[in-house]
Amino acid sequence: MGAPAEQDPLVTIRPVRPGEHEGAGALVVAAYAALPGGHSSPDYERELADVARRSKEAEVLVAVDPDDTLLGCVTFVPDTTSPWAELVEEGESAIRMLAVDPASQGRGIGRQLLRICIDRARERGSVGLFLHSTPWMAAAHHLYEQAGFVRVPERDWRPVPDVPLMAYRLDLMAPGRGGPA
Ligand SMILES: CC(C)(COP(=O)(O)OP(=O)(O)OC[C@H]1O[C@@H](n2cnc3c(N)ncnc32)[C@H](O)[C@@H]1OP(=O)(O)O)[C@@H](O)C(=O)NCCC(=O)NCCS
């Protein structure tokens, strides 16, 4: 897909603010709705939209431009004590619901959000960073593989029959891992 996009100096990543919960939730819903295949459901969209809950139970980070327009959002799950830690193992952190506004995709914002999560996990001494994805999230797989994540199929699962979840893990203990994403 060509050379990786440069990091955009005009994009800041910071914790979501309470007044942004609704907008960030709508952004995540829109990003997932734009995926090929129409796999969303009203229940899952309600869950994606609920940034207020995620920000209480995990860490929600947003990417914003200089006038605070929301461009992207990710949920960082520090450890297994969070209700958002799904099949996460002791010592690991996790990522949930990475999303970039469809109009702003392809500018390196997803890579920046991923980079921050890797840094957060590393700073807190996590042994690995874990996540689930679906087969139709091709851009996300590209980012994860470029950042050094590997598939761990033994941790795949299916919350509902038509949604196979693919497990990816970044080993943060291996030398040289978690390099530029
Ligand atoms: C995944 C997502 C967050 C990436 O955001 P983004 O800001 O567009 O990401 P970036 O611009 O940093 O990088 C996108 C990379 O994917 C590549 N890409 C885009 N579409 C692709 C596709 N269909 N197949 C493979 N790679 C693809 C781009 O070329 C780019 O890689 P490059 O810089 O090496 O060329 C965004 O696509 C999104 O919101 N998707 C919907 C939600 C989702 O799938 N979330 C993942 C949850 S596990």
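Buried here means under 20% relative accessible area, exposed over 50%, and partly exposed in between (1.4 Å probe, protein chains only). What you're looking at is a predicted model, where local features need pLDDT of at least 70, side-chain atom pairs count only at pLDDT 80 or more, and totals for chains, interfaces and linings use all residues. Residues are numbered from 1 along each chain as its sequence is written, and side-chain values use heavy atoms, with hydrogens and water left out.

Start by selecting Glu20, in the loop between β1 (12-15) and α1 (21-33); helices (H or I, at least four residues) and strands (E, at least two) are DSSP runs, numbered from the N terminus. Glu20 counts as buried because its relative accessibility is 11%.

Next, pick the ligand and show what surrounds it: 26 residues, with Leu98, Gly106, Gly108, Gly110 and His142 the closest (a heavy atom within 4 Å counts as near). Color by element and you'll find that α1, β4 (92-100), α4 (109-123), β5 (128-133) and α5 (138-146) each give at least two residues to this shell. Which one supplies the largest share? That's α5, with seven residues.

Now zoom in on polar contacts, pairs of N or O atoms within 3.5 Å. A polar side-chain atom of His142 sits 2.7 Å from a ligand oxygen. For Val100, select the backbone: one of its N or O atoms is 2.9 Å from an oxygen atom of the ligand. Finish on Gln146, with a side-chain N or O atom 3.1 Å from a ligand oxygen.

Definitions and conventions
A polar contact is a pair of N or O atoms within 3.5 Å; within protein, one must be able to donate a hydrogen and the other to accept it, and residues adjacent in sequence count only if both atoms are side-chain atoms.
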